[in-house]
Amino acid sequence: MRVTVSRRAHFNAAHRLYRKDWSFEKNNEVFGKCNNPNYHGHNYELIASVTGNIDPETGYVIDVKILKDIIKAEVEDAFDHKNLNLDVPEFQELNPTAENIVVVIYNKIKAKLGKNLDLEVTLYETPRNFVSYSGN
Ligand SMILES: Nc1nc2c(c(=O)[nH]1)N=C([C@H](O)[C@H](O)COP(=O)(O)OP(=O)(O)OP(=O)(O)O)CN2
Ligand SMILES: [Zn+2]
């Protein structure tokens, strides 16, 4: 009997979508206003969902306090009030699109979970634009 436990989180970050190896014109063509050299920001919302068996002793799949602490250390402390392009090592050579950000977040959280637990991360870049990744 596998049950999913979810936790919401939030971070605020700036980014610019562009490729260093493309001209400014080509970046503008592909990424439009998201290629603003002075960056722009989003209030990112995140849902991390952990699926596993209920421990018969505790009744937990995972203690939500543990999940909360993992998200704080791996996501909020690393990304909140940061410029993703400039401040976050994972995006030095990786365009910080929502797709790439959700994969980075998934990998960071997954590495801290027990092997018997599955993870899905949904990341909202705006209230209407969101992406999900579950490792497949
Ligand atoms: N597939 C993707 N497309 C876009 C991404 C992305 O990460 N993946 N990102 C962006 C920009 O980051 C852009 O800043 C998105 O925000 P915004 O322009 O505000 O989005 P909308 O125009 O859709 O705003 P609404 O208010 O939701 O209309 C662009 N594309
Ligand atoms: Zn953006």
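The residues around ligand 1 are L17, C34, H40, T97, A98, E99, E125, T126, R128 and N129, a residue being near a molecule if its C-beta atom, placed from the backbone, lies within 6 Å of it. By class, this shell comprises three nonpolar, four polar and three charged residues; Ala, Val, Leu, Ile, Met, Phe, Trp, Tyr, Cys and Pro count as nonpolar, Asp, Glu, Lys and Arg as charged, and the others, Gly among them, as polar. The model is predicted, with local features requiring pLDDT of at least 70 and side-chain atom pairs counting only at pLDDT 80 or more, whereas totals for chains, interfaces and linings use all residues. Residues are numbered from 1 along each chain as its sequence is written, with chains lettered from A and ligands numbered from 1 in the order in which they are written.

The chain contains four helices and five strands, arranged along the sequence as β-α-β-α-β-α-α-β-β. Helices (H or I, at least four residues) and strands (E, at least two) are DSSP runs, numbered from the N terminus. The C-alpha trace spans about 60 × 25 × 25 Å along its principal axes. Of the 136 residues, 22% count as buried; a residue is buried if 20 or more other C-beta atoms lie within 10 Å of its own, exposed if 12 or fewer, and partly exposed in between, with C-beta atoms placed from the backbone. Among contacts between residues at least 6 apart in sequence, 67% join residues at least 24 apart, contact being defined by C-beta atoms, placed from the backbone, within 7 Å.

In the largest nonpolar core, which has 24 residues, L46, A48, I105 and V121 touch the most other members. Two or more residues each are given to this core by β1 (2-15), β2, α2, α4 (98-110) and β4 (118-124). Such a core is a set of buried Ala, Val, Leu, Ile, Met, Phe, Trp, Tyr and Cys residues joined through C-beta atoms within 7 Å. Apart from neighbours within four places in sequence, L46 is in contact with R8, A9, V75, I105, V121 and L123. In soluble globular proteins, nonpolar side chains tend to be buried together.

Most residues other than glycine have a negative phi. Y39, although not a glycine, has a positive phi of about 70°. Y39 lies in the loop between α1 (24-31) and β2 (40-53) and is partly exposed, with 15 other C-beta atoms within 10 Å. H81, likewise a residue other than glycine, has a positive phi near 60°. H81 occupies the loop between α2 (64-79) and β3 (82-83) and counts as exposed, with 11 C-beta neighbours inside 10 Å.

Conventions
Two residues are in contact if their C-beta atoms, placed from the backbone, lie within 7 Å.
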